Amino acid sequence: MNYYVDFEATQYAGEIISIGCIREDGETFYSLVAPVTSKITPFITNLTGITKEMLDTALDPTTVFNSFYDWVWKDDDLPTFYTWGLTDIDFIRRTFYRTDSKKARTILGYMSGAIKDLSDKFCKLIKVDSCSLVKAYNNLFSSNYIQTHNSLDDAVMLWDVANQMDVLSTEELLSKMEYFIKERNKNNCSSKKFVKVDNKETEVLKSLTDCNLPVGTICIAKRGKLFKQFTSFTEAAAWTLENVFTEKGRKNVALESIERGIKKACNQQKLYCSMRWVLIREKK
């Protein structure tokens, strides 16, 4: 059985605050999820419409994912989960460690290892490097839908796109996406230096290098610009512990663990606590 799932999460710690899922037969599951160690920010409230007051009365992640387990595993068939992109895997893994039941951890652990990225298949079919879910939907259905970032709405949108991929030939998909493909190619050709604009990594590194920061500086970048800078990983970890985690969360995480996470993010050019970290190195 195929399931199309989407999550919303806290801005920095990446804890799931809502889950929306639709099964291939049209049955749906939706729930808010109370974060355990992190807090919701105004940015996430503006993006999703989810407020602190709503999460104050939401169910804890163990209860929600116990229910989700029961909803999914009604028979012996192994479920297949689809998302748009792989960002949600990080949210799933972070929430996994904040649950304490076998059923909740089973469904979260299964999803983290078995999720399939529908956007990858879609982009390969139309021969582009990336495409947002809402752009795929609007082009396929000739609509002007504005994404609400409600997890169930996004899951249904994903399901609709998947159904179109099943019923349309590659030629028909290309025809419906023709305008998007032309605009995408035009923008790629006109870009001066940064081909992987969605990735942002090259743009961020150049921006911070141009700031002439001392080698060894640890930075947080937002929208390709310098947001915070630190002289050491320990200082960066202390700031993260104080400003990202709630009081309850601070009791459950070690400063050394945060420091290791920041170092890994710098070395592997990955996000940590949903933030982009950059270590200023010597220019080659």
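Predicted model: local features only at pLDDT ≥ 70, side-chain atom pairs only at ≥ 80, totals over all residues.
Residues are numbered from 1 along each chain as its sequence is written, and side-chain values use heavy atoms, with hydrogens and water left out.

**Entry 1, overall counts.** Of its 284 residues, 47% are buried, where buried means under 20% relative accessible area, exposed over 50% and partly exposed in between, with a 1.4 Å probe and protein chains only. The accessible surface comes to about 15300 Å², and 50% of this surface belongs to carbon and sulfur atoms; the areas come from the Shrake-Rupley method with a 1.4 Å probe, and for residues only the protein chains shown count as cover. Taking a contact as heavy atoms within 4.5 Å, I found that residues 24 or more positions apart account for 63% of the contacts with a separation of 6 or more.

I looked up the pairing next, two strands being paired if DSSP finds at least two bridges between them. The order of this open sheet is E3-E2-E1-E4-E5, with mixed pairing, and E3 and strand E5 (116–117) are the edge strands, each pairing on one side only. Strand E1 (residues 2–9) pairs with E2 in the antiparallel sense over seven bridges, and Tyr-4 stands opposite Ile-22 in E2. E2 also pairs antiparallel with strand E3 (residues 28–32), over five bridges, with Ser-18 opposite Leu-32 in E3. Four residues lie between E2 and E3 in their hairpin, and Gly-26 in that turn has a positive phi of about 95°. For strand E2 (residues 16–23), I noted that eight of its eight residues are buried. Strand E4 (residues 80–83) and E5 run parallel and are joined by two bridges; the bridge partner of Tyr-82 in E5 is Lys-116.

Is Thr-95 buried or exposed? This residue of helix H4 (residues 87–96) counts as buried because its relative accessibility is 2%.

I took a nonpolar core to be a set of buried Ala, Val, Leu, Ile, Met, Phe, Trp, Tyr and Cys residues joined through side-chain atoms within 4.5 Å. The largest has 27 residues, and those with the most contacts inside it are Trp-84, Phe-122, Cys-131, Val-161 and Met-177. Helix H6 (118–126), helix H7 (133–141), helix H8 (151–167) and helix H10 (178–190) each supply at least two residues of this core, and H8 gives the largest share, seven residues. Apart from this core lies another, of 23 residues, among them Val-5, Phe-91, Phe-96 and Ile-115. Not counting residues up to four places away in sequence, the residues that Trp-84 touches include Asp-117, Phe-122, Cys-131, Leu-158 and Val-161.

Helix H14 (residues 255–268) has 14 residues and reaches 20 Å from its first C-alpha to its last, close to the 20 Å expected at 1.5 Å a residue, the expected span being 1.5 Å times one less than the number of residues. Its buried residues are Ile-258, Glu-259, Gly-261, Ile-262, Ala-265 and Cys-266; seen down the axis they fall within an arc of 160°, so they line one face of the helix, the arc being that of the directions from the helix axis to the C-beta atoms. The face turned away from this buried side carries the exposed residues Glu-256, Arg-260 and Asn-267. What covers the buried residues includes E6, helix H12 (233–243), E8 and strand E9 (275–279). An open sheet of four strands has the order E7-E6-E9-E8, with antiparallel pairing.
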